[in-house]
Amino acid sequence: CVMFHMLDHRSGKWKMKHTVNRTAAVHRNLIADPGLLAALEAAVPGRVDSRASRRLAMAHDASHYLLTPQAVVSPTNTAEVAALLRLSSQHGVPFTFRSGGTSLSGQAVSEGVLVDTRRHFRGIQVLDDGARVQVQPGMTVRQVNSRLSPHKRKLGPDPASESACTVGGVVDQAQADLAALV
């Protein structure tokens, strides 16, 4: 707690004011659970980032929320994702999947573990002359639409952030708008 004097402009008198030491709260959140980190490292070796700089960089999305995760994990396949889900259950720690980080409502931040699905899950396969498409969560809406364009097709949602928002977030948020074709 910090104490300081402040001039009250209405009365012209000096008043005592105190504020909470937010630095201590930030530092407390930067200490990750060592047991959890060891379990994460065993599940996805070499792809667990618990550095404060990385965790702080991922502590926000496009919303006003600021939640520092205990770690950022970048799995490369579905078997690793399954192992992470088992860890979440065993340790009672929430895992939040994050792709683009463009959420305006805080869905891409967590004080648990962030699972980065943008880096290694970027596959796309256009099928049936563009009538169907199989897309992994890390592809942006713009990337999908550019692959569908030769077939005169387009992914339904038309967000303003199409160059950054990913299919994983679109599906997670069940986004659709007036431009969506069903």
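This is a predicted model: local features need pLDDT of at least 70, side-chain atom pairs count only at pLDDT 80 or more; totals for chains, interfaces and linings use all residues.
Residues are numbered from 1 along each chain as its sequence is written, and side-chain values use heavy atoms, with hydrogens and water left out.

User: How many salt bridges does a search of the whole structure find?
Analyst: The search finds six.

User: Why is the pair Arg 51 and Asp 49 called a salt bridge?
Analyst: The term requires a side-chain nitrogen of Lys or Arg within 4 Å of a carboxyl oxygen of Asp or Glu. The closest N and O atoms of Arg 51 and Asp 49 are 2.7 Å apart, so the pair qualifies.

User: What makes Asp 49 count as buried?
Analyst: Buried means under 20% relative accessible area, exposed over 50%, and partly exposed in between (1.4 Å probe, protein chains only). Asp 49 has 15% relative accessibility, so it is buried.

User: Which residue forms a salt bridge with Arg 54?
Analyst: Asp 116 does, with the closest N and O atoms 3.7 Å apart. This pair links distant parts of the chain, 62 residues apart: Arg 54 lies in helix 3 (residues 52-57) and Asp 116 in strand 6 (residues 113-116). Helices (H or I, at least four residues) and strands (E, at least two) are DSSP runs, numbered from the N terminus.

User: Are Arg 54 and Asp 116 buried or exposed?
Analyst: Arg 54 is buried because its relative accessible area is 18%, and Asp 116 is buried because its value is 8%. Salt bridges that share partners join Asp 49, Arg 51, Arg 54 and Asp 116 into one network.
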